Amino acid sequence: IVDTSQVREKLRCKVLKSPEIKLNISREVSPESRRVLSLEVCDDKSSEWKGLRENHLTAGVASRTLKKNIFGSGGYGSIGQLLRWYNDSEYREKEQKKLEENPYCRHGLFYQAEGAALYSLVTGFTVTPLGFIKGPVEGDGFADVPDYLAATCDYLCVQEPIIVEIKCPAKIHKNWRERYWVQCQHQMQIARVKTLHLVMYI
(Lines give C-alpha, C1' and ligand atoms only; values in the text may rest on other atoms or scores of the structure.)
Protein backbone atom coordinates (compact mmCIF):
# COMPACT_ATOMS: atom_id res chain seq x y z
CA ILE A 1 0.00 0.00 0.00
CA VAL A 2 1.44 3.35 -1.06
CA ASP A 3 0.76 6.45 1.02
CA THR A 4 -0.15 8.86 -1.78
CA SER A 5 0.09 11.88 0.53
CA GLN A 6 3.82 11.23 0.97
CA VAL A 7 4.29 10.80 -2.77
CA ARG A 8 2.50 14.08 -3.45
CA GLU A 9 4.55 15.89 -0.80
CA LYS A 10 7.76 14.69 -2.45
CA LEU A 11 6.40 15.92 -5.78
CA ARG A 12 5.67 19.35 -4.33
CA CYS A 13 9.22 19.63 -2.93
CA LYS A 14 10.81 18.47 -6.18
CA VAL A 15 8.86 20.95 -8.30
CA LEU A 16 9.23 23.89 -5.92
CA LYS A 17 13.00 23.44 -5.75
CA SER A 18 13.30 23.60 -9.54
CA PRO A 19 15.19 26.76 -10.66
CA GLU A 20 12.85 26.98 -13.66
CA ILE A 21 9.84 27.73 -11.45
CA LYS A 22 9.38 31.40 -10.58
CA LEU A 23 6.56 31.82 -8.10
CA ASN A 24 4.17 34.69 -8.67
CA ILE A 25 3.72 36.11 -5.18
CA SER A 26 1.40 38.94 -6.25
CA ARG A 27 -2.21 38.49 -5.14
CA GLU A 28 -3.73 41.45 -6.99
CA VAL A 29 -6.56 40.75 -9.40
CA SER A 30 -5.62 41.86 -12.90
CA PRO A 31 -8.08 43.96 -14.95
CA GLU A 32 -8.37 41.16 -17.52
CA SER A 33 -9.16 38.60 -14.83
CA ARG A 34 -11.83 40.95 -13.48
CA ARG A 35 -13.30 41.15 -16.99
CA VAL A 36 -13.50 37.35 -17.27
CA LEU A 37 -15.04 37.02 -13.81
CA SER A 38 -17.68 39.59 -14.77
CA LEU A 39 -18.86 37.18 -17.49
CA GLU A 40 -19.95 34.58 -14.95
CA VAL A 41 -23.71 34.08 -14.96
CA CYS A 42 -23.86 31.53 -12.14
CA ASP A 43 -21.70 28.86 -10.53
CA ASP A 44 -22.10 25.14 -11.20
CA LYS A 45 -23.60 24.56 -7.74
CA SER A 46 -26.58 26.87 -8.24
CA SER A 47 -30.10 25.67 -9.04
CA GLU A 48 -30.25 27.61 -12.32
CA TRP A 49 -27.07 26.05 -13.74
CA LYS A 50 -28.67 22.88 -15.14
CA GLY A 51 -31.47 24.85 -16.74
CA LEU A 52 -29.04 27.20 -18.47
CA ARG A 53 -26.95 24.30 -19.78
CA GLU A 54 -30.00 22.77 -21.45
CA ASN A 55 -30.45 25.86 -23.62
CA HIS A 56 -26.84 26.30 -24.73
CA LEU A 57 -24.20 24.43 -26.65
CA THR A 58 -21.66 23.94 -23.88
CA ALA A 59 -17.96 23.10 -23.96
CA GLY A 60 -18.65 19.56 -22.75
CA VAL A 61 -21.23 18.93 -25.46
CA ALA A 62 -18.94 20.41 -28.12
CA SER A 63 -16.10 18.22 -26.92
CA ARG A 64 -18.17 15.04 -27.12
CA THR A 65 -19.53 16.00 -30.54
CA LEU A 66 -16.64 17.48 -32.51
CA LYS A 67 -14.42 14.42 -32.55
CA LYS A 68 -12.93 12.51 -35.45
CA ASN A 69 -15.22 9.49 -35.32
CA ILE A 70 -18.45 11.31 -34.54
CA PHE A 71 -20.54 8.59 -36.16
CA GLY A 72 -18.57 5.80 -34.50
CA SER A 73 -17.86 4.97 -30.90
CA GLY A 74 -17.51 7.69 -28.30
CA GLY A 75 -19.15 11.10 -28.20
CA TYR A 76 -22.85 11.12 -29.01
CA GLY A 77 -22.43 8.63 -31.85
CA SER A 78 -24.50 10.69 -34.29
CA ILE A 79 -25.88 14.15 -34.97
CA GLY A 80 -29.31 12.63 -34.29
CA GLN A 81 -28.35 11.82 -30.72
CA LEU A 82 -26.95 15.32 -30.26
CA LEU A 83 -30.25 16.86 -31.41
CA ARG A 84 -32.15 14.45 -29.19
CA TRP A 85 -30.11 15.74 -26.21
CA TYR A 86 -31.59 19.20 -26.76
CA ASN A 87 -35.10 18.26 -27.91
CA ASP A 88 -35.97 15.31 -25.65
CA SER A 89 -35.99 16.38 -21.99
CA GLU A 90 -36.63 12.83 -20.74
CA TYR A 91 -33.63 11.50 -22.68
CA ARG A 92 -31.48 14.41 -21.48
CA GLU A 93 -32.36 13.81 -17.82
CA LYS A 94 -31.60 10.10 -18.21
CA GLU A 95 -28.22 10.79 -19.81
CA GLN A 96 -27.40 13.47 -17.23
CA LYS A 97 -28.16 11.06 -14.40
CA LYS A 98 -25.85 8.46 -15.97
CA LEU A 99 -23.14 11.10 -16.15
CA GLU A 100 -23.60 12.14 -12.51
CA GLU A 101 -23.47 8.52 -11.35
CA ASN A 102 -20.41 7.73 -13.47
CA PRO A 103 -17.62 6.67 -11.04
CA TYR A 104 -14.98 8.38 -13.17
CA CYS A 105 -16.88 11.68 -13.05
CA ARG A 106 -17.30 11.35 -9.28
CA HIS A 107 -13.61 10.61 -8.91
CA GLY A 108 -12.76 13.75 -10.90
CA LEU A 109 -15.04 16.00 -8.89
CA PHE A 110 -13.73 14.60 -5.61
CA TYR A 111 -10.10 15.43 -6.39
CA GLN A 112 -10.63 18.63 -8.39
CA ALA A 113 -10.08 21.05 -5.50
CA GLU A 114 -6.98 19.15 -4.42
CA GLY A 115 -5.59 19.42 -7.95
CA ALA A 116 -6.30 23.16 -7.99
CA ALA A 117 -4.54 23.59 -4.63
CA LEU A 118 -1.43 21.82 -5.91
CA TYR A 119 -1.50 23.90 -9.11
CA SER A 120 -1.64 27.05 -7.02
CA LEU A 121 1.19 25.83 -4.81
CA VAL A 122 3.43 24.96 -7.76
CA THR A 123 2.77 28.04 -9.93
CA GLY A 124 2.19 30.64 -7.23
CA PHE A 125 -1.03 31.74 -8.93
CA THR A 126 -4.12 32.31 -6.84
CA VAL A 127 -7.12 30.63 -8.46
CA THR A 128 -10.80 31.32 -8.02
CA PRO A 129 -13.77 29.26 -9.27
CA LEU A 130 -15.22 30.38 -12.59
CA GLY A 131 -18.68 29.06 -13.35
CA PHE A 132 -21.09 29.35 -16.26
CA ILE A 133 -20.20 31.92 -18.93
CA LYS A 134 -21.94 32.45 -22.26
CA GLY A 135 -22.24 34.48 -25.44
CA PRO A 136 -22.92 36.76 -27.15
CA VAL A 137 -19.39 38.17 -27.17
CA GLU A 138 -18.06 40.29 -30.00
CA GLY A 139 -14.75 41.66 -31.26
CA ASP A 140 -11.56 42.00 -29.19
CA GLY A 141 -9.48 40.20 -31.79
CA PHE A 142 -11.50 36.98 -31.51
CA ALA A 143 -14.26 35.56 -33.66
CA ASP A 144 -17.73 36.57 -32.48
CA VAL A 145 -19.47 34.17 -30.08
CA PRO A 146 -23.22 33.67 -30.67
CA ASP A 147 -25.66 33.67 -27.77
CA TYR A 148 -26.25 29.91 -27.86
CA LEU A 149 -22.64 29.03 -26.95
CA ALA A 150 -21.64 28.64 -23.30
CA ALA A 151 -19.08 26.97 -21.07
CA THR A 152 -18.62 26.02 -17.45
CA CYS A 153 -15.01 26.54 -16.40
CA ASP A 154 -13.20 25.20 -13.36
CA TYR A 155 -10.92 28.03 -12.21
CA LEU A 156 -9.38 31.34 -13.24
CA CYS A 157 -6.03 32.77 -12.15
CA VAL A 158 -6.50 36.17 -10.53
CA GLN A 159 -3.07 37.57 -11.41
CA GLU A 160 -3.37 36.80 -15.13
CA PRO A 161 -6.35 35.83 -17.33
CA ILE A 162 -5.56 32.12 -17.41
CA ILE A 163 -8.32 29.53 -17.28
CA VAL A 164 -7.34 26.42 -15.31
CA GLU A 165 -9.08 23.21 -16.33
CA ILE A 166 -8.52 20.40 -13.81
CA LYS A 167 -8.81 16.79 -14.95
CA CYS A 168 -8.42 13.97 -12.43
CA PRO A 169 -8.44 10.76 -14.47
CA ALA A 170 -7.76 7.36 -12.96
CA LYS A 171 -4.98 7.06 -15.55
CA ILE A 172 -3.55 9.09 -18.41
CA HIS A 173 -5.05 8.16 -21.79
CA LYS A 174 -2.78 8.13 -24.84
CA ASN A 175 -5.07 10.51 -26.70
CA TRP A 176 -5.59 12.95 -23.81
CA ARG A 177 -4.63 15.98 -25.94
CA GLU A 178 -7.25 15.16 -28.54
CA ARG A 179 -9.78 14.27 -25.85
CA TYR A 180 -9.76 17.71 -24.22
CA TRP A 181 -8.64 20.00 -27.07
CA VAL A 182 -12.12 21.03 -28.22
CA GLN A 183 -13.36 21.70 -24.69
CA CYS A 184 -10.37 23.91 -23.89
CA GLN A 185 -10.59 25.88 -27.15
CA HIS A 186 -14.32 26.37 -26.55
CA GLN A 187 -13.72 27.81 -23.08
CA MET A 188 -10.94 30.14 -24.28
CA GLN A 189 -13.09 31.47 -27.11
CA ILE A 190 -16.03 32.38 -24.89
CA ALA A 191 -13.89 33.80 -22.07
CA ARG A 192 -11.76 35.74 -24.57
CA VAL A 193 -8.45 34.54 -23.12
CA LYS A 194 -5.33 33.35 -24.92
CA THR A 195 -4.06 30.94 -22.28
CA LEU A 196 -5.55 27.87 -20.64
CA HIS A 197 -3.65 25.50 -18.37
CA LEU A 198 -4.89 21.94 -18.58
CA VAL A 199 -3.94 20.18 -15.34
CA MET A 200 -3.84 16.38 -15.31
CA TYR A 201 -3.93 15.45 -11.63
CA ILE A 202 -3.61 11.77 -10.83
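## Report on a predicted protein model

Buried residues account for 37% of the 202 residues in this protein. Here, buried means under 20% relative accessible area, exposed means over 50%, and partly exposed lies in between (1.4 Å probe, protein chains only). The model is predicted: local features need pLDDT of at least 70, side-chain atom pairs count only at pLDDT 80 or more, and totals for chains, interfaces and linings use all residues. Residues are numbered from 1 along each chain as its sequence is written, and side-chain values use heavy atoms, with hydrogens and water left out.

**Overall layout**

The protein has eight helices and six strands. Both are DSSP runs numbered from the N terminus: helices are H or I with at least four residues, strands are E with at least two. Along the sequence, the pattern reads α-α-α-α-α-α-α-β-β-β-β-β-α-β.

A contact means heavy atoms within 4.5 Å. Take the contacts between residues at least 6 apart in sequence: 72% of them join residues at least 24 apart.

**The nonpolar cores**

A nonpolar core is a set of buried Ala, Val, Leu, Ile, Met, Phe, Trp, Tyr and Cys residues joined through side-chain atoms within 4.5 Å. The largest one holds 18 residues. Which of its members touch the most other members? They are Val36, Leu130, Ile133, Ile163, Ile190, Ala191 and Val193. Helix α8 (residues 176–191) gives the most to this core, with five residues. A second, separate core has 14 residues, including Val127, Cys157, Ile162 and Cys168.

Now look at Ala191. Leaving out residues up to four places away in sequence, Ala191 touches Arg35, Val36, Leu39, Ile133 and Ile163.

**Helix α8 and what follows**

Helix α8 has 16 residues. From its first C-alpha to its last, α8 reaches 23 Å, close to the 22 Å expected at 1.5 Å a residue. The expected span is 1.5 Å times one less than the number of residues.

Where does α8 bend? The bend is at Val182, by about 30 degrees. Such a bend is the angle between axes fitted to the seven residues ending there and the seven starting there. Val182 is also buried, as are Tyr180, Gln183, Cys184, His186, Gln187, Met188, Ile190 and Ala191 of α8.

Gly60 and Val182 are 122 residues apart in sequence, yet 8.6 Å apart in space, C-alpha to C-alpha. Gly60 lies in helix α4 (residues 59–65). Gly60 is partly exposed, at 22% relative accessible area.

Is Arg192 buried or exposed? Arg192 is buried, with a relative accessible area of 4%.

**Salt bridges**

A salt bridge is a side-chain nitrogen of Lys or Arg within 4 Å of a carboxyl oxygen of Asp or Glu. How many does the whole structure have? The search finds three.

| Lys or Arg | Asp or Glu | Closest N and O atoms |
|---|---|---|
| Arg35 | Glu32 | 3.1 Å |
| Lys45 | Asp44 | 3.1 Å |
| Lys167 | Glu165 | 3.2 Å |

Arg35 and Glu32 both lie in helix α2 (residues 31–38). They are three residues apart, about one turn of the helix. Arg35 is partly exposed at 22% relative accessible area, and Glu32 is partly exposed at 36%.

Lys45 is exposed, at 70% relative accessibility, while Asp44 is partly exposed at 29%. Glu165 is buried, at 3%. Lys167 counts as buried too, at 15%.

**An aromatic pair**

A pair of aromatic rings is described by the distance of the centres and the angle of the planes. Rings of Phe, Tyr and Trp (its six-membered ring) pair if their centres lie within 6.5 Å; planes under 30 degrees apart count as stacked, over 60 as edge-to-face and the rest as tilted. The count comes to one pair. Phe110 and Tyr111 form this pair, at 4.9 Å centre to centre. The pair is edge-to-face because its planes are 80 degrees apart. Phe110 is exposed, at 64% relative accessibility, whereas Tyr111 is partly exposed, at 24%.
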